[in-house]
Amino acid sequence: MTLKLAIAQLNFVVGDLAGNAKKIVDAARRAHAEGARLLLTPELSIAGYAAEDLFLRPAFTETCDDAVKGIASALADLKDMVVVVGHPTGGSLRSRSVAVQMRYNAASVIKEGRILETYAKRELPNYQVFDERRYFTPGQGTCVFEAGGVSVGLLICEDAWFDEPAELARAAGAEVLAVINASPYHVGKEGERVARMADRARAVDLPLVYAHLVGGQDEVVFDGASFALQADGALALQAESFRERLVFATLERPSESGGSGVRVVAGPDAVAPARDAEAQLWDALVLGVRDYIGKNGFPGVLLGLSGGIDSALVLAIAVDALGKDKVRAVMMPSPYTADISWIDARDMAGRLGVRYDEISIKHTFESFKGALAEEFRGRPEDTTEENIQARIRGTLLMALSNKFGSLVLTTGNKSEMATGYCTLYGDMAGGFAVIKDLLKTTVFALARWRNAHDPYGTGASPIPERIITRPPSAELRPDQTDQDSLPPYDILDGILARYMQDDEGIDEIIAAGYERAVVERVARLIRINEYKRRQAPVGIRVTHRSFGKDWRYPITSKFNETAGAQKP
């Protein structure tokens with residue numbers, strides 16, 4: 001007995017129910033034509049993930065239910081074809097004073113025009129970027145269905161991270177586990193998934209097929225990399241990451257005399273080559289930009305190109321994501337802009353072939369200072385004048401955006417966002433923060449990686465070497481460097497990784513070898529700059545703890561870990 005199956009690793013758009021349904025129907029028809037009799041689509045593929053508070057609207061869930069019925073009808077002629085479609089279902093039972101939630105994160109099993117079964121996800125994640133308990137009720141049942149003579153146990157994402165759902169599926173007769181997923185990417189997540197699913201396969205002694213979403217949705221990116229495992233956890237199939245793919249495998253049950261159990265059979269090139277962390281990170285950032293711009297209908301992007309490392313990296317990512325014709329770079333020199341910044345910005349724009357313009361802010365800056373001269377009389381210049389320069393640049397970029405429709409990409413990194421080394425309505429002005437979740441040390445590493453690789457064929461070594469090697473500077477006052485205001489980045493980022501990303505306490509970080517004064521200063525900067533981060537643009541999440549849905553701290557708070565025990 002053999003069953004050919006297909007995994008539809010597709011990029012869906014939240015709320016585009018008709019478009020998402022068409023993608024599923026097209027994939028099912030292609031899979032059927034190539035001999036497959038089972039197609040798995042990702043979690044919530046009809047709605048897109050995550051639809052957030054759209055799930056709370058009865059009209060949204062009802063329209064999703066209608067779309068599933070439409071898929072069933074459209075595939076009625078595909079003989080023996082079983083299609084698993086992820087979707088929300090249910091609604092709310094309302095009375096005068098209370099609404100009882102009865103919505104489910106579900107998947108329906110469709111065959112020849114009929115919905116055979118609908119399974120509701122049992123385990124609802126409520127950590128990191130996940131907020132499923134806000135929207136859904138846990139399911140209680142088990143779903144085992146037949147496809148081509150094989151009994152398939154259906155699980156949805158988080159179900160497979162717990163023992164009971166898989167054990168119940170096996171007890172109900174499952175010979176293979178089919179796990180449909182929408183699991184956001186962060187560095188290292190792919191390996192973690194495979195390892196956990198291998199543990200699950202071994203625990204129940206069943207092969208496991210993992211169908212995963214791909215694409216960008218606001219701040220999260222889904223990396224695909226769908227896979228199949230043997231019952232012993234061995235990897236039999238893995239799709240390429242960050243690309244839409246329809247991938248095939250065969251489930252084979254040996255004859256009764258020749259053995260027992262189902263095995264996954266795939267071709268010799270079924271496992272995509274392993275890729276280094278920088279390559280995956282680059283693909284995540286490129287896909288995040290491409291989908292945010294494309295799915296929201298922007299004609300292109302523009303950014304301030306300063307001659308520094310952050311804007312250089314953002315420019316390279318944008319060109320790889322969108323192509324040079326949809327990217328515009330604007331250099332806005334001030335009285336403190338070094339000549340080498342002009343030279344390097346022009347050089348990089350020329351290497352990538354993007355439109356490049358220079359708009360001096362010198363006279364505008366002098367006009368601002370003149371307008372404020374009476375108010376500021378007797379006070380020395382300080383960060384106020386530095387911030388005025390950043391805000392002039394932000395205003396100019398937003399004016400160009402308004403006039404031509406292109407979205408402004410901000411260029412601030414995670415180290416700056418953490419410590420407040422950024423200007424509200426200045427360098428924070430814009431619509432999408434590409435490297436918001438990259439520590440400065442990662443920015444440097446990724447710039448070096450991109451100069452050594454040309455993954456999208458847009459140009460080798462796009463970043464002038466001097467941009468990478470010169471000391472970082474905001475160039476808002478004479479002879480300024482970042483390290484005038486911040487600890488060295490290797491120290492700063494080490495503290496941020498422990499304190500912000502891993503929730504280590506101050507004493508733990510000090511015990512790891514960092515100076516107390518520096519640790520307490522960094523913790524204070526994180527605490528007092530929450531108000532800035534709340535006003536920052538959405539940006540791409542690539543770590544397990546980003547400044548976004550992962551980070552929900554109050555702006556107004558008197559808790560200060562550096563102050564020791566707070567006694568009443």
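**Close-up views of a predicted model**

**View 1. Strands β7 and β8 run side by side.** β7 (residues 150-156) and β8 (residues 176-181) pair in the parallel sense over 5 bridges. Here two strands pair if DSSP finds at least two bridges between them. Strands (E, at least two residues) and helices (H or I, at least four) are DSSP runs, numbered from the N terminus. G153 has L177 in β8 as its bridge partner. Helix α3 (residues 163-171) packs on the sheet and touches β6, β7 and β8. Contact means heavy atoms within 4.5 Å. The direction of α3 makes about 160 degrees with that of β7. Axes are lines fitted to C-alpha atoms, for helices over the stretch in contact, and angles run from 0 to 180 degrees between N-to-C directions.

This is a predicted model: local features need pLDDT of at least 70, side-chain atom pairs count only at pLDDT 80 or more, and totals for chains, interfaces and linings use all residues. Residues are numbered from 1 along each chain as its sequence is written, and side-chain values use heavy atoms, with hydrogens and water left out.

**View 2. The open sheet.** 6 strands follow the order β6-β7-β8-β9-β12-β13, with mixed pairing. β6 (144-147) and β13 (235-238) stand at the edges with a single partner strand each, so one side of each is left without a neighbour in the sheet. Neighbouring strands are turned by 25 degrees against each other on average, direction ignored.

**View 3. The β6-β7 hairpin.** β6 and β7 pair in the antiparallel sense over 4 bridges. A147 stands opposite V150 in β7. The hairpin has 2 residues between its strands, and G148 in the turn has a positive phi of about 55 degrees.

**View 4. The second largest pocket.** Its volume is about 390 Å³. A pocket is an open set of points on a 1 Å grid over the protein atoms alone, with protein on both sides within 12 Å along at least five of seven lines; lining residues have an atom within 4 Å of a point. The lining has 19 residues, and Y499, R527, W551, Y553 and F559 lie nearest the centre. α15 (516-528) and α16 (530-534) each give two or more residues. The largest share, 4 residues, comes from α15.

**View 5. The largest cavity.** A cavity is a set of grid points where a 1.4 Å probe fits but cannot get out. The largest cavity has a volume of about 80 Å³. Its lining includes T410, E416, D427, K436 and P537.

Notes: Points joined across faces, edges and corners; volume = space filled by probe spheres on them.
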